[in-house]
Amino acid sequence: MRIQRMPWAGIRIETADGRVAIDPLFTLEDGWGPPKDPFYPLTDFGPVDAVLSTHLHTDHFDAKAIADFYGADLPVYVPDQAVDEARRSGLTGIAGATVGQPIQIGSLTITPTFSVDGIGDAQHAYVVEADGRRILHCGDTLWHGYWWRIQQQFAAFDAVFLPVNAATVEFPGVIPSGLPVIMSPEQAAAAAVVLEAEQLVPIHYGTFHNPPWYTETPDVLSRLETATKDRVALTIMEAKDELTLA
């Protein structure tokens with residue numbers, strides 16, 4: 001299993017006969033501000049057989065980029081509760097993903113599992129298995145009590161890709177709570193430990209900071225290093241970096 005980091009929260013996974021992208025992003029809506037890291041055309045990462053979207057926030061579900069780079073008819077799996085909204089994007093390959101019901105794409109077995117969105121929108125995490133290896137990708141989740149159930153169902157993970165930037169938001173039409181809507185570095189480390197992960201690969205940090213619309217917590221990487229020390233291996237990947245699980 002070969003995994004390539006994409007910008008922000010995205011990854012691309014490839015085996016000998018299966019290729020998927022999770023949360024690929026290229027197009028930015030107003031409000032995010034200029035990204036600190038470069039964005040690349042999705043074709044820079046190679047073709048895919050399907051896209052998995054953890055949820056429909058525009059920094060995770062980029063319908064324009066999917067249509068432009070992969071084609072509007074590519075299979076795109078979204079949480080089952082979000083299918084109708086996703087179809088309004090113009091993508092014709094939208095399909096619903098249901099927690100606990102595996103999706104087969106070549107040799108990749110993808111099982112949607114629990115995730116909790118910071119403002120209550122439908123969201124899934126995805127367990128991806130192939131070649132005797134297993135990873136977990138969580139797009140935008142808060143800390144929750146499902147980590148133990150995920151570990152009990154799937155056992156240990158070779159790598160977990162978890163959001164870490166504990167962002168607070170003031171989005172239009174959403175009453176601000178002042179509380180993070182995404183896991184903190186410390187919570188991500190704790191989740192990786194509960195999941196018996198060989199390594200934690202942080203995602204969803206270091207790209208956007210545009211207060212008060214979107215405010216990232218400070219010192220993400222140094223806090224991750226402290227929180228993971230002697231508990232779980234920390235693997236830092238930049239966009240286009242690759243990780244091979246053999």
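Buried here means under 20% relative accessible area. The model is predicted.

**Helix α3**

By that cut-off, helix α3 (residues 147–154) has W147, I150, Q151 and F154 as its buried residues. Viewed down the axis of α3, these residues stay within an arc of 95°, so they line one face of the helix. Their cover includes β8, β9, β10 (133–138) and α4 (185–194). After α3 comes A155, with a positive phi near 70°.

**The nonpolar cores**

The largest nonpolar core holds 37 residues. Within this core, I3, I13, I110, I135, F161 and Y214 touch the most other members. Several strands each supply at least two residues of this core, among them β2 (11–15), β3 (18–22), β4 (50–52) and β7 (103–105). The list also includes β8 (108–113), β9 (125–130), β11 (159–163) and β13 (199–203). The largest share, three residues, comes from β9.

What does F161 contact, leaving aside its neighbours within four places in sequence? The partners are I3, I11, I135, L136, H137, C138, V201, I203, M237 and L243. A second, separate core has 23 residues, including L136, W147, A197 and V220. W147 is also one of the buried residues of α3, and L136 is one of the contacts of F161.

**Strands β1 to β3**

Four of the five residues of β2 are buried, so this strand is largely enclosed by the rest of the structure. β2 pairs with strand β1 (residues 2–5) and is also joined to β3.

**Annotated domain**

The UniProt record, an unreviewed entry, places the feature "domain: Metallo-beta-lactamase" at residues 7–178. In the model, the end C-alpha atoms of residues 7–178 lie 26 Å apart. The span is 12% helix and 28% strand.

Conventions:
Residues numbered from 1 in each chain as written. Predicted model: local features only at pLDDT ≥ 70, side-chain atom pairs only at ≥ 80, totals over all residues. Heavy atoms only, no water. Core = buried A, V, L, I, M, F, W, Y, C linked by side-chain atoms within 4.5 Å. Buried < 20%, exposed > 50% of the residue type's maximum accessible area, 1.4 Å probe, protein only. Contact = heavy atoms within 4.5 Å. UniProt positions renumbered as here; feature names shortened; annotations may be inferred. Arc of directions from axis to C-beta. Pairing = 2+ DSSP bridges.
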